[in-house]
Structure formats: structure tokens, C-alpha cells
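Me: I would like to go through a structure with you. Could you take my questions one at a time?

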There are 2 protein chains.
Amino acid sequence: MKHFERLFEPRAIAVVGVSDDPVRPGSQTVDALLRNRYAGRIYPVNPKYPTYEGMKCYPSVAAIAGDVDVAVIGVPARGVIGVMEDCAQKRVPFVVVPSGGFRESGAEGAALQDRMVAIAREAGMRIVGPNCLGLANIHSDVYAGFGSITRPPALAKGSVSLVTQSGGFGYSIALACAQAGIGFRNVIATGNEADIDTVEFLEALLDDPGTSVIVAYIEGLRNGRALLEVGRRALAAGKPLLVWKGGVTNEGAKAAATHTANLTGSYDFYRALFRQGGIVEIRELHEAVDYIKAFAGRKFPMGRRVAVMGGSGGSAIVFADAAEQSGLTFSRFAAETRRRLSEVIPAIGSLQNPVDFTAGYIAGGNAPKFATAVRSVLDDAHVDALCINLATTSVPACKVGADVLQRIAAETPKPVVVFLATPVPEAVALLEASGITVVPSPVRAARVIAMLAAYREARERRAAESGSAMPAGRPFDGVPLTAFGTSMPEEEAKAALERIGIAVSRDVLVRSADEVPFEQLSVPLVVKIASPDIPHKTEVGGVKLHIRTRAELAAAIDEVLLNARTLAPQARIDGVIVSEMLTGGFELIAGAVNDVVFGPVVVVGAGGIYAETFSDTACRLAPFDTETARDMLDELRCRPVLDAARGRPALDVAAVAHALAALSRFAWANRETVAEIDINPLFALPAGAVAADALIVGR
Amino acid sequence: MKHFERLFEPRAIAVVGVSDDPVRPGSQTVDALLRNRYAGRIYPVNPKYPTYEGMKCYPSVAAIAGDVDVAVIGVPARGVIGVMEDCAQKRVPFVVVPSGGFRESGAEGAALQDRMVAIAREAGMRIVGPNCLGLANIHSDVYAGFGSITRPPALAKGSVSLVTQSGGFGYSIALACAQAGIGFRNVIATGNEADIDTVEFLEALLDDPGTSVIVAYIEGLRNGRALLEVGRRALAAGKPLLVWKGGVTNEGAKAAATHTANLTGSYDFYRALFRQGGIVEIRELHEAVDYIKAFAGRKFPMGRRVAVMGGSGGSAIVFADAAEQSGLTFSRFAAETRRRLSEVIPAIGSLQNPVDFTAGYIAGGNAPKFATAVRSVLDDAHVDALCINLATTSVPACKVGADVLQRIAAETPKPVVVFLATPVPEAVALLEASGITVVPSPVRAARVIAMLAAYREARERRAAESGSAMPAGRPFDGVPLTAFGTSMPEEEAKAALERIGIAVSRDVLVRSADEVPFEQLSVPLVVKIASPDIPHKTEVGGVKLHIRTRAELAAAIDEVLLNARTLAPQARIDGVIVSEMLTGGFELIAGAVNDVVFGPVVVVGAGGIYAETFSDTACRLAPFDTETARDMLDELRCRPVLDAARGRPALDVAAVAHALAALSRFAWANRETVAEIDINPLFALPAGAVAADALIVGR
């Protein structure tokens, strides 16, 4: 925050471009500052007016006698450069540029933006925008922008800060929160990010003691990895970071040389980053509302076992559906809990989870019983979090319930979430003040608990990860990649993998069938074309499987060579690779992509013919440890195949995780030279994991 | 409705069990009737009181002089039978029984419930409940129940009717709608459904001219197929039926003999039914709200191409993300549209879809331009529906926008949905009155349009289906199933499939290798154990693939026989089946399950080792036509594998659809004798679809 102190807490703001026209940005800024009683100095600037709204109006920024911390430049694009030069001269530390007509509008605007940045860099001045709604510090009544951010009613004061790459949609998030009673600290719309970008603002907010939760709307980042670092810092600081990623659908195909690169889009990388950085993803406005409220309670479930109590069986069922779909499990109560419940719950109710205390149970005279019932469940060591369905209780019953619950909330470290359909503002206020999250649907109650559990897990994962030393990846030490043109031959690529501890299949490179030491190999065999110019061997008929006899082998070698010469006549053919075919395992695909925004990212997925059909993949930003690799494998839908079942042996998950972590270190260490790595297939075997084919593409 | 007229529009209601205690059900009923000024006669019944709330109080139902249309029996379970007998004597056509303590409470309660039903059947009396909140007809001020249904404030009058198997959660749905300004007609909580069940109420509401939309919360049905018929009737009547299915997660494994039966749960059957019956599934409270509002507009997109306009790029991106995820596509505008837009949209805006008319565009003076812009897009033949992001417009701008849009809504047959984050009740009222759906998030806007498109498609599918005659399935005419014990031998099952037009693989049943006409078969071959007692051949090592030589064949036959004798010593072994191995196709799994609630349901899915891993299945209630079979295949994630790609030929989708439709007719025609059918694998080939193995299990 320190370096942005003058921006967030300016002692004086110059507003260039004030006008009699109240819809002009400058006019809106001054109007908002006056209306909200900003305590610092306001310097209106417009050579046309001697005074503005009863204040002295200056002909230029240079003409202002005192220091200026922030200048809002509310003039059209073509006039901005002159004002910037003025501000640079006066050593104004921060300018906010609302105007459009810069990089977003074409080549001319881009040149203007470059010029703007050059002026700022030289003067040590920082820019917010251009093409943005600007920012507001609600606590200090600072409004340095225009449009919805400055419009009445002002946001309430609170500890949530918002950074958004879309002023319009970002402010919709703020409004949704405001309508639910959530207050704000800083609200920043970053626009074109010519200078200060989203990540730098997030860093500043992490340092701001008045900000307890940060929400961001992001469309794109120049440096994805920086967001990972911000996420990790936020996690360590206990300041939840909620991010809505806009633009998650894939438009147009991505040109990529490897299969792994084809299997993922950049949204997958964002999601991997969110998981690695403990960032809470939001996909709906009400999620922002619910999650911010839930974090305000500052209680996190120690596990994923939930209990639910209420007077409506249906609400409990709907909660259970959503809980299971959110990865929560249902607590099985201890005998003692059931005994205690039996003393206070009517006979026609249920003492099991979900607890049915029957409709009409919560009433004035029953308050002590209700309290005992809730305490019994919260005391159970098998319960990590509790949902209470107040649903459609009457107004008096709802108040009784809220009163009991707020007292219990003060005693328990476990999070309590209440589903309430009846609007009873008094009860809601009481519950929320005691740290209980109130939501208007049982589905949202389940999602809130799942989110809190995931957040806690992320903190634990991060703590474990920080504690373990990550072995450094070793740079590639074989023949330089550049020696092979676009891609490295299979045998070289496999040698490279072997050096970093990834097992590879037993291969022989031959030019004809007589060179094959048939007796030393065990059938079935595989024959593959060996050529640095044929990355996708199957597409030219360059692979033959299930070979059992010498005769079949000779025929396969001839066929593969003929196919390659026919379908890839320009390719340099080094011969054919004969390998023992790996059976009894499961075919995965693994690889690394060196992304322009995220750097090296490792991808693993189900292999074989289903790889592209089911897009069953998981990815993580490299480098990472084996624990992260295991977490990644757990994300795959095909993950159960790796476990023992129906007499089938378990496959070596540890070996696969080890290979992925090694691959991640290698991809990271060689990020300057390696563009893509493709291990297809990577066989998970009962003992070990073996790369049966490999491709390394240079940058 | 006719047969329920006296229930929904009673001229006189007897309320048994009124009491000085205002929380007793009877007291609540009378209180609600008086408070809402019910126009019919009210007969309080309780021998203890001469009068009740100023009305004459009767000692029994028999003592009432006039006719009684509905009796609300608000006494504890043990007293209900006596009152029922009284009501039967008096020929009361309908009783509502709020009390619990019946089937839900154990054997004694179940006996009580049976007795109750017997009395009603004999007298021709109908029962609502027991163990229910009862019902209300909001239009006629009828309140025949207790709890939330009778509690003030009363629901507003409207044309939505609600049937719910959970009073508590169902009323939460009603409350969420009420808070959004939606009015109701009939609200019915069905409780134990001892007599009248959800489906019968839905049928009655379909006949009710005052009901335009029906919402139901369902946990379980005795007869799933009846709901399919209700859905089809509702679709034909143009009365949308929205259903929330509670209890969708699978608890415990289902005991099933076939693979197909293992691949699905009853929720899959419900979803298939929803699709076949044009029932709109809801999974969140706000979906009920949004969809009911959207249906009120009575406009449906002719296709799935949407356009979006607004002043915030971010909102458009978020809409686009949700639109793509909901199966919508983005319209490409005609040149004429872009020309028209260019005349009214500022240069820094965007004339493409999403249209960016820039922030601050909608203002009083700009209203004609805004109108032209919206009309240009709606006039484009490539646009099926339009979303307008008013997002965070100022209050005056919002009103201007609403005024323009409500006029345009009167001219266009295309649905318009507005996203508005700013709360401007006046504008919302204006928009909604003109049939425009207003939602508080762009995600919800996309979902609403997708739902309307899906509803229209369902109506079209149904119309096409009703027009085409469904060929009757022919009953099984081979050896009676009962002759084979639990399951039919593979060769008989295949013969049965062949008779209904499903191609099967070329097989020879032999006892030893010398019996195989090796020269007449083309390799590779498959060897499988033939035994009616071994339904899962692979589990006993009963299958060998990729056999190419006579020697391999002999070894395979010996091995398979030995495995079977070792691992299934009790099984009757008929020999081994030798078949040509099918290659160059895609392995599906198909089958039929005869479900206790839904009857015969056909399932198709990705086969092979991934079948259970990815649970990539689709199902439909049998019987159905080939169009439905194609629709079913389109649901599979593996569907693209059936299309030509990368030099791979297209597979015969028509043949697969034909086989599924034939299977569905067979399963339906033989529902009395067949429990399950399993075709695993069903090969989709470049020409044709072939069943390579088949199992038929008798009931």
C-alpha cells in the first residue's frame, strides 16, 4: 500500500476538464467529491472558468499553487498528452485518465497511449487507465473517476476492496454486494492498464490494513504468474482473494504442435492457478455476496463433513444434493449425539443427519431445547460445519431461532450457515452480526460450506508446500535443442526424460527387420517411424501395435517405412523404433506447454482414443512438488481407474506423480529453450510409470 | 380440473379440531379463511365449543346441516379414522389430513393410513395427505391446510400453480417467487399421497384454465411414466411444467446384473423423462423465478443464435461465457444490420455482436438512436433472441431505456431479456409488463434464453414425434425366456436381436478348436466362453482378443475353458463362441433396464474400459423413434468420435439410432418378461452397427 498511499489517500485532487455540462467526467468527479464531503483540497481546472461550484478554478495544473497528489484528466484523448506534460512538470505522482480513444481504438490511439506512458515513466508518475471509470476510496470519500463509481447512492464503508478490468460489470458486482449490505473500501476500475495493472493493484491492497477481502474481475493478464504470487501472498496473509475470470470460452482453435497443448485452453491455466494460489473463483454475482459474507465469519471447517438440521425434509434433501455435488460428505453422528438429541427432539422427528426437528419446533418455549439440539450436533467430533434450515419459519419463530443461534455462534469454532426463505431483516442482522452466513437457498448454503472447506485446504496445502524444499530442475544437458530444428528425435527426447528420472520404454532403433534382436524382446511389440519431421506418427500410418511374430515384425517395419515415405515424402527418416508394448497399465498423456502468459504449465490427462473426446485433463503451473502432482491426478475423472478394483491391481500413482513433478521442474528449468513437451502415452503400470513415446519441441 | 372442482372451489369447508390454541392446525385453517375473507361457508367442528370465532361450532361433521365440499381434519392421527367415517357418512367428497403419524412413522402408522384409504375408497371420497401442509386456492381465498401455507402475508393472485411433495421446501419456492412479484393460483402440498398423488394434481392443473404455468417439487413417484404423459400433455397445451427433483444423488449401489444398469441412476431416468416430456428442470430457487417470468412473455426463440447489446464490455463477455456454456451461439450480423448500427452507434463503440453502444449512450436525447439500434438487431434474420445489458445505468437512463424497450417489445416476436444490476423498480415494472424478462445477472440472462430455446425445441420434437406412427415392438417369439433360468445364452439373445433388425457379429459355437472353420473366418478373432451362468465373461478370464493363427486359437480356447471351469466351477458350459473381431469402429454399450418406477428405459454409452470411468451415457424411456435415438446419441460426450475426422471415416449413426429404436420397441413389447438387456459392445462401424455380445435377463 505504501507506494500507492498518495493515490488512495490523496491530500489534494486536481480535476482537469470540469464543465458546465454535468455529464462530463470532470464534472462528475467534482460533484462526487463535494457530495461525499471529501476532506482534502479540490482543484478544478478549466481555462474557461474563473470559479467552479464556488471554488477557484485554475487555468492549468501548472497554475495550482499547492501540491497535487492525484490529477483526474477528464478531457478527450487528444488533449490528454498536454495535461500529462503539465502534471509531469508539477511532479504529480498519480494521474487517472477516464477518457477512451487509446489502445482500444486502433493504431493511432495506441501511439497516443505509448506517448502517455513515456511521459509518465520519465517523470516517475503513475497512470490509472486510460479508458476507465477510475477509482474510489469509500472510507476517505475519495472519488477519482466518473460514471457508476461516482453516482449516488455512494457505497457503504466496509473492508472489501474491488479491482476490475471492466468498470461496468465490476460495478455490477459491487452493487450486488451493496444490496446485500456489504461495505467497501477501495473500488478500482483499471481500464487499459497502460501503466498500473490489476496485479499491482492487488499487491497494494494486500498491503492495505483496511482491506480484509479482495474481489477482482479479470479478462486477461500480461503476466499470469504474477497473479499466482499474489494469490500465495494473500493466502499467507489470510486475506481471501475472489476472482471472476471473464472470457473463459475458447474462441478459435489454438495452434499447437503437441496433443497436450491441444487439450487445454487458457481458462484451464487460470483454474490451475486459482487452485495453486488459493484464489476463490466466482462465477455468479450471488457467489461474491455469499462468499464475502461467509469470510466475514472467519470460521473454517476442519474437514468436509456437514450436518443439516431443520423442520423441512425437502430443504434437507436439496441441501444434501448440493452438498454431494460440491464434494461434501454427510456426518454420521456419535451415539452420544443421538442420545442428547433424543431428549429434545419430538418422537416423530429424526435424530440422524439430516436432523428433522419437525415443523413448528422453534417457538419461544422451545428455545432451550432448540439450543441443546444445535449444541449436541456442533459438539460432535464428526461434524465440521452445520447448516440450519430455518426455511419458512414464522417471523416470531425466526427471531427465537436467530437469538439462540447467535449465542451458540459465540461458543463454537465451526461455521454455521442458515437457509432462510422468509424475509426477516431483524433476524438476518442478528445472525450476520454473530458471524453466521444467511443465504436464501439450501443450494447456496452447501456451496458456501464447500468453498470455506476448499479455502482451508488451500491454506494447508500452501503451508505444507512452503515447508518442503522444491528440488531445482536441472537444465537440459543433452545435445542442444537447436541442433534438431523444430523437434527433437524420440530417442533423444526419451534420453532427456530418463536423465530427469522418468522411466522410458525399452527401444531399439533399426533400419530393417534383421537388425532387431527379436529373442531379447518380449512380445507383443510396437513399431514406430523414427523421424524428427513427423511429430504425429499415427497420422502417417507410422505406428503398428500388437506384433507377435518375426514375420509380423518384418511386415510392420516395411509398412511403416512405406507409409512414411508416401505420406511424408519430405521427412528425414532415421529408421524405425521397435519397443516392447506396455500392457496391463492405463494410458495417460502428459506434457508441458510454455504459455506466453503463464510460462511452463504441465498437463496430464486420460490418453488413448478418448483423450480428445473426453478432455479429461488437469494442469498446474510448473514447477511443483509430488503432492501437487497427486492433487492434479485426483482431479481427473479417470482417476478411479488407477485404484485396484474387480481383481485389477492398483496402478503406481506415486510413480506417475513423481514423473509429473520431475517434468514440471524440467519444463521450468528449460523454459528459455523448450516450447512444448509431449509424453504420449505415459503408461501408469502396477509398478512404475513409463513414457512410451516422447516429443520435445524447441522454442 | 372438473373432478377436483369441489376441492379447489369448495362452497363449504368443515374444519375439524378448531381449538383455543391458535397453533393447532384447525385453528390456523379457520384463521386463514377468515383473514382472507373466504366467501363460502365455514363449519368449525369441536364438541367442546358451542361457538368458535363468532361462528356456530359443531360437535361433529355429522351434525352439520348443509353440504360440505372439503373437510380439513386437524386432529391427531389416532382421531382421524373416526372423523373420516363421519365424513364418509355425510358424503364429503374431499378430506385434507394435515396430521403426521401415518406411513412415515412406522408399521402402526402405515396400518392407520391403509384403513383411511379403505374408508375413502368405499365412500368415493378423496384424500389430500396425510402428513401435509394442505392446499390453498389463492384466487378463491380457499385455505385448507396449516403452517406456512396459511401464514400472512398471503400470496398474491396470479396464474402459477405449485404442487410439492415437501411443504416446507415447496413453500420456499413459492416465497422466492412471491418476493419477485409472481402471483399464484393453487398451492398444494401433497404429503404422504395416500390417495391423490402429485401426478393426479398435475393433471387437474392442466385442466384448470386459470393456471398458466405449473411448478412441482418431486422427491419420488410411484409411476414415473404417468409424469411423462403429463409432460406431453402440458407441452401440447402450451402450459410450461417446471420440476425440481429432490434427492438426485445416488446413495448406495444399485444391484443390477448388467453393465448398462450399473451406469445409470434413477436421476438419469428423470432427466430423460424431462427431456422426452418437455419438462423444464429447475435446480435453484432463482431459476423458478426467472423461468416463470420468461414464460410470461410468451415469446420463444426460433433458434439458438443470440445477440447482446450494452454499454459494458465485461457484462457482454460474462453473458457470452454463460451463453456458450448453455449451448447458445453468437449471431453474425448481416451487412445491413451493421450499416444501420453504424448510423446510430458512436465511433468508439462496436457494430459487431456483442454490440457496444458505449457507457452513457442511453439518455433522453439519444432514445431514438437507442431504439434504432435495438430494432436493427432484432430485425436481423440471424438473431433469435436478444439480451440487453442495462447493467449499472443511471436511474433516469434506465427509465429511458425501459420506455424504448417496452415499445419495441410490442412489435417483435423475438424474446428480449434485460440484465439490470441497479434496482429501479419503476423500470422493471414497465419492462416486465411488456413481456421482457429482467434478471440481476448476465449469467441468468443467458440461462433464460437457453431455457426458452430448449422449450421451443421440445415442442417441435414432440409435434414431429406425434405425427410419425411408432411401429409396434414385436413380442419375443423365440424360446420362452423362462426356459433359460436367469439369463438367456448369448447365441439365443443375438438371434432375438437379429429378428428385430439389429445386426450381430458372425459367430460359431464350438466345443473344441478342430470344430472351427478357420479358413472361412477372417482374423483377428475373438474367443468367448459360452455359458448362461456367466453373464460377465471377462471377470472369469472368459474372453481372448486379437487371435491371428490356428495355434493361438487352440491355445485361447483351452485357456478360456480352463479359466471358466476354475473360476466358475458351478457354471454350465455350452462351449466357446468364436467370432470375427470387429475393428475400425467405435465401441458403444447399449441396453435396456426395466425400472420399477419408469418401466423399460434404454441406455447407450461409450463402451470399452472407459464406460464406467466416464459414465458417458444417455437414456430414454422406451419405446421411442429413431429421431429420439439420434437426440440421445447427441447427448454423449463421445458423440464427435462418430463423425469423420483426421482421415478417419464417419461411423454409421443412422444404423446405431435404428438399433436403439428397435431395442426400445422390443424392451417395451416384452416388459412383462424381460428385466434387462445388455449389448456390450455395440460396434458403430463405417457401415452398420453390430452387436458383438448380448445378454437378456428374464424377470
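Predicted model: local features only at pLDDT ≥ 70, side-chain atom pairs only at ≥ 80, totals over all residues.

Me: How many helices and strands are in chain A?
Reply: Chain A has 21 helices and 32 strands. Its C-alpha trace spans about 100 × 80 × 40 Å along the principal axes.

Me: And what percentage of chain A is buried?
Reply: Of the 699 residues in chain A, 60% are buried.

Me: Turning to the interface, how much area do chain B and chain A bury between them?
Reply: The two chains bury about 4800 Å² between them, and 57% of that is on carbon and sulfur atoms. In terms of contacts, 64 residues of chain B meet 63 residues of chain A.

Me: How many salt bridges cross that interface?
Reply: The rule finds zero salt bridges between chain B and chain A.

Me: New topic: where is the cis peptide bond that ends at A:Pro681?
Reply: That bond runs from A:Asn680 to A:Pro681, with omega near 5°. A:Pro681 belongs to strand β30 of chain A, residues 674-684.

Me: What about B:Thr358, what is its phi?
Reply: Phi of B:Thr358 is near 75°, which is positive although the residue is not a glycine. B:Thr358 sits in the loop between β17 (355-356) and α13 (367-379) of chain B.

Me: Is B:Thr358 buried or exposed?
Reply: B:Thr358 counts as buried because its relative accessibility is 13%, and buried means under 20%.

Key: Residues numbered from 1 in each chain as written. Chains lettered and ligands numbered in written order. Heavy atoms only, no water. Helix = DSSP H or I, 4+ residues; strand = E, 2+ residues; numbered from the N terminus. Buried < 20%, exposed > 50% of the residue type's maximum accessible area, 1.4 Å probe, protein only. Contact = heavy atoms within 4.5 Å. Buried area = accessible area lost by both parts, 1.4 Å probe. Salt bridge = Lys/Arg side-chain N within 4 Å of Asp/Glu carboxyl O.
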